[in-house]
Amino acid sequence: MTQEAFQKQRQKSILAVMDISGVGRCSALAVVPVLSLSGCSCAFLPTAYFSTHTGGFGAVHRLDMKADMEQAIAHYKRLGLRFDAVYIGYAASEDHLRVLEEALSDLLLPDGKLYLDPVMGDHGRRYAFCGEGLIEGYRRLCKKADVIFPNQTEAALLLGNPISESTEPAVPDAHSLRGLGAGKVVLTGVSSPEGEIGVLAVPLTGEAFSVFRPKHPGSFPGTGDLFAACVIASLMKGARFTTACEIACDFLDISLRATAAFDSEPRFGLAFEKALPGLCAALGQL
Ligand code: PXL
């Protein structure tokens, strides 16, 4: 090949926006390693710093990083930095979502994708920080998103349906989920009639489908983050939507099995490290 004929490729980039929880393997610590397996260049914008996640470690040291977000975004703007995808996860307040909403058009390349995981609650319980303003902020962003990843509780909150503690809200119908305005909805934590666990995936146009895998006992922080990151990594590698959901369900299934072989407590999250080589191989076959 002559020098002239050699065309360098452009590496795709993705900006992940969420908190850093120092212990407990959720948000940044779980998401970034998975996104990197997509082969994209991964950037990170923290919304908040927590010494641990908020589910089971007592009084958490926390730092709201809204002012830092604004400074970082202003810096990226000066640099003209734009990304092929922005993935927004945990925001500690509606102000964070407003900052991001205003910055989106500057952060995304033309045809750039917005992935949104509206972290607000689980198992019929709203997280303490989640007020109406945060729900409304995620609702507005849903309309701009290519893919959203609510669990059943978060879908109920987005749809304005009632929730009650320790009860999984009913699975909304596909029509209601499409009404959220995202290009694709992946409803997580759905149970099958046979007692399996998985997702209901609803594209705006096209057939809804489900992916289920065996249910494992226990509930682990970071499960939703790992799932969303895995779907996003697969889509960024060019996977079809169905394939992306299957790869992500397999990744969680293997992570849950690996976790069961260790003696660690659920609050420390999933042993997803053991499932990374398999995920790397699956993504390599796309
Ligand atoms: O994985 C969701 C999440 C992210 N960040 C923090 C959390 C949680 C869930 O509890 O507490 C700080």
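By a polar contact I mean a pair of N or O atoms within 3.5 Å, where within protein one must be able to donate a hydrogen and the other to accept it, and residues adjacent in sequence count only if both atoms are side-chain atoms. With that in mind, a side-chain N or O atom of T54 sits 2.5 Å from an oxygen atom of the ligand, and for D225 the corresponding distance to a ligand oxygen is 2.7 Å. The protein covers 92% of the 320 Å² of accessible area that the ligand has on its own, as given by the Shrake-Rupley method with a 1.4 Å probe.

Some words on the source: this is a predicted model, in which local features need pLDDT of at least 70 and side-chain atom pairs count only at pLDDT 80 or more, while totals for chains, interfaces and linings use all residues. Residues are numbered from 1 along each chain as its sequence is written, and side-chain values use heavy atoms, with hydrogens and water left out.

Turning to salt bridges, meaning a side-chain nitrogen of Lys or Arg within 4 Å of a carboxyl oxygen of Asp or Glu, the whole structure holds eleven. In one of them, K77 pairs with D106, with 3.3 Å between the closest N and O atoms. Another joins E132 to R126 at 2.9 Å, N to O, and in a further one E136 meets R139, the closest N and O atoms being 2.7 Å apart. Finally, E101, R140 and K144 are linked in a network of salt bridges.
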